[in-house]
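Dear colleague,

Please find below the structure that I am handing over to you. I would ask you to look at it first and then to read the notes that come after it.

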Amino acid sequence: MEQITAQDVKEAVKCVTEDNKRSRNIMIFGLEKKEDLKTSVMGVFMQLGEDPCIENCERIGRQGPSSERWPQPVKVTLSTTYSVETMLRRSYRLRGNSAYKSVFISPDRSEEERKAHRELVLTLKQKIKGEPELYHYIGKE
């Protein structure tokens, strides 16, 4: 039987706390730079037919020459996890609007989750190349 140390407990609490914080965040990619970021974010949400309570929104990442070509992602903190789930479910609607065609919404993922998702997408792309006649998708576990 393994002994549970204080360090193990601290790491578990830190992980749960971080997951709880991330559960109210979404990431918006491809949103053009404008004067008022909150107004731009609300425009995206209105396109989705929602008006959630935004607690915070900020651009993340480095500013530099590449940020001229690709706008920095926007991290948005909403008041509830239900609002986040609703936004993610309705995000497909952005493809139908020419103004938001290049805007994508995703959950706020940790470093490990981003790595696992990247590998999953690469595997999916390989399957699509190998079997183009079949329908492939990433489902929930």
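Predicted model: local features only at pLDDT ≥ 70, side-chain atom pairs only at ≥ 80, totals over all residues.

The largest pocket

The volume of the largest pocket is about 1100 Å³. Its lining is made up of 23 residues, and those nearest its centre are Leu-88, Pro-107, Arg-109, His-117 and Lys-140. Two or more lining residues come from each of these elements: helix H1 (6-22), helix H4 (81-90), strand E4 (104-107) and helix H5 (111-130). Which element gives the most to this lining? It is H4, with 5 residues. Sorted by class, the lining of the largest pocket holds 9 charged, 7 polar and 7 nonpolar residues.

The second largest pocket

For the second largest pocket, the volume is about 390 Å³. A set of 16 residues lines this pocket, and Phe-29, Ser-106, Pro-107, Arg-109 and Arg-114 lie nearest its centre. At least two lining residues are supplied by each of H1, strand E1 (25-29), E4 and H5. Here the largest share of the lining comes from H5, which gives 4 residues. By class, the lining of the second largest pocket has 7 charged, 6 nonpolar and 3 polar residues.

With kind regards

Note on methods. Residues numbered from 1 in each chain as written. Heavy atoms only, no water. 1 Å grid on protein atoms, 1.4 Å probe; cavity = no way out; pocket = protein on both sides within 12 Å on 5 of 7 lines; lining within 4 Å. Points joined across faces, edges and corners; volume = space filled by probe spheres on them. Nonpolar A, V, L, I, M, F, W, Y, C, P; charged D, E, K, R; others polar.
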